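This report describes a protein model for a reader who is new to structural terms. Please keep the sequence and the structure in view while reading.

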Amino acid sequence: MKATLPPPARILDIGEPNPLSSRMQAVGYHVENTHGDLDETPTLVRGHDVDAVTAFEILEHLVGPFNLLRAIDVPRLFVTVPLRLWFARAYRNPDDPWDRHFHEFEAWQFDWLLERSGWKIIRREKWTSRIPLTGLRPLLRLVTPRYYAIEAVRET
């Protein structure tokens, strides 16, 4: 993000304030966060005077990320999502009704979602997850990409 949009850029970070939005502020970005239910009111992302929107590990928690992505009226988007793993079920914390994934994407599905909602992908990256456990699943996580990052611009 820093290479394309260096500080002191103005960022709308989707979701409540979090350690990552605090870190962006610490390196010089001006960050504001959304508040409220983005499934019920996707237009909460409209009307902010910012240079870009970030959505790091957020869209998988929404029932309807398409509506939110379409509502964004900013020209640049940085987003990460978890990729679907063939050897593991979707993440779900049984003790917290918000800490679960409604979606885990295959890369082509997320690309299509962005394209259908009016975004043009200009950069993408995948990486693996390192879990300090032994067993087959942790071994598979070392070689199977789990996270997907996209930089996109609004189609004109």
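## Basis of the model

The model is predicted: local features need pLDDT of at least 70, side-chain atom pairs count only at pLDDT 80 or more, and totals for chains, interfaces and linings use all residues. Residues are numbered from 1 along each chain as its sequence is written, and side-chain values use heavy atoms, with hydrogens and water left out.

Helices (H or I, at least four residues) and strands (E, at least two) are DSSP runs, numbered from the N terminus. Two strands pair if DSSP finds at least two bridges between them.

## The sheet

Six strands form an open sheet with mixed pairing, in the order S2-S1-S3-S4-S6-S5. Strand S2 (30-33) and strand S5 (119-127) are the edge strands, each pairing on one side only. From one strand to the next, the twist averages 20°; axes are lines fitted to C-alpha atoms, for helices over the stretch in contact, and angles run from 0 to 180 degrees between N-to-C directions.

Strands of a sheet pair through backbone hydrogen bonds, either parallel or antiparallel. Strand S1 (residues 10-13) and strand S3 (residues 52-56) run parallel and are joined by three bridges. In this pair, Asp13 stands opposite Thr54 in S3. Helix H1 (residues 19-26) packs on the sheet and touches S1, S2 and S3, where contact means heavy atoms within 4.5 Å. The direction of H1 makes about 160° with that of S2.

## Strands S3 and S4

S3 is joined to strand S4 (residues 76-82) by four bridges, and these two strands run parallel. Thr54 stands opposite Phe78 in S4. Together, S3, H2 and S4 make a right-handed β-α-β unit; a crossover is right-handed if, with the strands pointing away from the viewer, the path from the first strand over the helix to the second runs clockwise.

Four of the five residues of S3 are buried, and in S4 seven of seven are buried. Buried means under 20% relative accessible area, exposed over 50%, and partly exposed in between (1.4 Å probe, protein chains only). Arg76, Phe78, Thr80 and Pro82 point one way from S4, while Leu77, Val79 and Val81 point the other way. S4 also pairs with strand S6 (residues 147-154), in the antiparallel sense over seven bridges. There, Phe78 stands opposite Glu151 in S6.

## Thr80 and Glu57

Which side chain makes a polar contact with the side chain of Thr80? The partner is the side chain of Glu57, at 2.9 Å. A polar contact is a pair of N or O atoms within 3.5 Å; within protein, one must be able to donate a hydrogen and the other to accept it, and residues adjacent in sequence count only if both atoms are side-chain atoms.

Thr80 counts as buried because its relative accessibility is 9%. Glu57 is partly exposed, with a relative accessible area of 28%. Glu57 lies in the loop between S3 and helix H2 (65-71), and its phi is near 60°, a positive value in a residue other than glycine.

## Other local features

At the start of H1, a side-chain oxygen of Asn18 reaches to within 2.8 Å of the backbone nitrogen of Leu20. Gly28 follows H1 and has a positive phi, near 110°. In the segment before S1 lies Pro8, which a cis peptide bond joins to Pro7, with omega of about 15°.
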